[in-house]
Amino acid sequence: MRAIWTGAISFGLINIPVKLFSAVQESTLDMDMLDKNDHSNIKFKRVNETTGKEVAFSNIVKGYKINDKYVILEEEDFEAADAEKTKTIDILNFTLEKEIDSLYYEQPYYLEPDKGAMKAYALLRDALEASGKVGVTSFVMRNKEGLAILKPFKNVIVLNRIRFEQEIRDTSELKLPAVSKTKVKEMDMANKLVEQLTEKFDISSYKDEYTGKLLKIIKDKAKGKKQAAPKLKVVHKQNDDLMEMLKASLENKKKKSS
């Protein structure tokens, strides 16, 4: 793995030098974009709008437009905006993880202690584990300030980015059913179905099956085999008897279990 950011965790008067690594990798297939006519590869180029010539990445700078003119920004300008936050993961406070709605979670990263930081890193990790709490932090990465939590996962400290409240869209424009209008008998039956389907969560039991099936179709097509498209049917309509469907669902689960 390659570090994508280096800095330090600020924990009271303690600074813990760390390296940041992405904790996730895509499981999707790597597709190329092709011209429909001759299947030639599509290439994207960074082109100068005035000359039409391609520009090397090393010659590209960032600018902000003010009064039809661009102010060019250098790397030191981004750091000068808040030099401390560009190099520090500042723990603002600690809280219970259950108090943060999953809607706010964005991206997880692994934190690795840098040279000489093993003892302080272990202290913070073990303190988080013992307290059952997470650290709420603020830091700047790629010219964007973000919130995140620090939490122990096995023997590593995970930094999980979370969204600001203003980044979550309001639900007022959605057409939604009113709350607490469900019939008592239907609700009781729905609760029984929920209870029947309740299991201890085990992440290892869930796999990305779609990618594997798609890869099989690709291999079959390479051999000249045609695939029959599956027929999907609507299993629930507005005028269906919900009570009967709930009963049938419960019976179906019992049959599968026996």
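Exposed means over 50% relative accessible area, buried means under 20%, and partly exposed is in between. Keep those cut-offs at hand for this tour of a predicted model.

**Stop 1: helix H3**

Select residues 184–196, which form helix H3. The 13 residues should span 18 Å at 1.5 Å a residue, and the end atoms are 18 Å apart, so expectation and model agree.

Now show side chains. Glu186, Met189 and Leu193 are buried in H3. They cover an arc of only 65° around the axis, which puts them on the same side of the helix. Turn to the other side of H3. There, Val184, Val194 and Glu195 are exposed.

Stay on H3 and pick Asp188 and Lys192. Their side chains meet in a salt bridge, at 3.8 Å from N to O. Why do these two sit about one helical turn apart? Asp188 and Lys192 are four residues apart in helix H3, and that is why. An α-helix has 3.6 residues a turn, so residues three or four places apart point the same way. Asp188 is partly exposed, with a relative accessible area of 39%. Lys192 is also partly exposed, at 47%.

**Stop 2: helix H2**

Select residues 118–131 for helix H2. Check the ends again. The 14 residues should span 20 Å at 1.5 Å a residue; the end C-alpha atoms of H2 are 20 Å apart, which agrees.

Colour Tyr121, Leu124, Arg125 and Leu128, which are buried in H2. Look down the axis: these buried residues fall within an arc of 95°, so they line one face of the helix. The face turned away from that buried side carries the exposed residues Lys119 and Ala130.

Is Arg125 buried or exposed? Its relative accessible area is 19%, so Arg125 counts as buried. Show Asp126 next to it. The side chains of Asp126 and Arg125 meet in a salt bridge, 3.0 Å from N to O. Asp126 is partly exposed, with a relative accessible area of 42%.

Step just past the end of H2. Gly132 takes a positive phi of about 70° there.

**Stop 3**

Select Glu97 and Lys151. Their side chains meet in a salt bridge, at 3.0 Å from N to O. The pair links distant parts of the chain, 54 residues apart. Glu97 is in the loop between strand E5 (88–96) and E6, while Lys151 is in strand E8 (residues 144–153). Glu97 is partly exposed, with a relative accessible area of 30%. Lys151 counts as partly exposed too, at 22%. How many salt bridges does the count come to? It comes to three.

**Stop 4**

Select residues 5–11 and 14–22, strands E1 and E2. They run antiparallel and are joined by seven bridges. Find Ile9; its bridge partner in E2 is Ile16.

For one example, pick Leu20: its bridge partner in E6 is Leu111.

**Stop 5**

Move to strands E3 (62–66) and E4 (69–73), with Asn67 in the loop between them. The strands run antiparallel and are joined by five bridges. Ile66 has Lys69 as its bridge partner in E4. E3 and E4 form a hairpin with two residues between them, and Asn67 in the turn has a positive phi of about 55°.

Asn67 is exposed, with a relative accessible area of 72%. Draw a C-alpha to C-alpha line from Asn67 to Leu13. The two residues are 54 apart in sequence and 44 Å apart in space.

**Stop 6: a nonpolar patch**

Finish with a surface view. Select Met31, Leu215 and Ile218, which make a nonpolar surface patch of about 250 Å². Leu215 lies in helix H4 (residues 209–222). At 33% relative accessibility, Leu215 counts as partly exposed.

Technical notes:
Residues are numbered from 1 along each chain as its sequence is written. This is a predicted model: local features need pLDDT of at least 70, side-chain atom pairs count only at pLDDT 80 or more; totals for chains, interfaces and linings use all residues. Side-chain values use heavy atoms; hydrogens and water are left out. The expected span of a helix is 1.5 Å times one less than its number of residues. Buried means under 20% relative accessible area, exposed over 50%, partly exposed in between (1.4 Å probe, protein chains only). The arc is that of the directions from the helix axis to the C-beta atoms. Patches are made of residues with over 30% relative accessible area and no salt bridge: like charges are joined within 9 Å, nonpolar side chains (Val, Leu, Ile, Met, Phe, Trp, Tyr) within 5 Å. Accessible areas come from the Shrake-Rupley method with a 1.4 Å probe; for residues, only the protein chains shown count as cover. A salt bridge is a side-chain nitrogen of Lys or Arg within 4 Å of a carboxyl oxygen of Asp or Glu. Two strands pair if DSSP finds at least two bridges between them.
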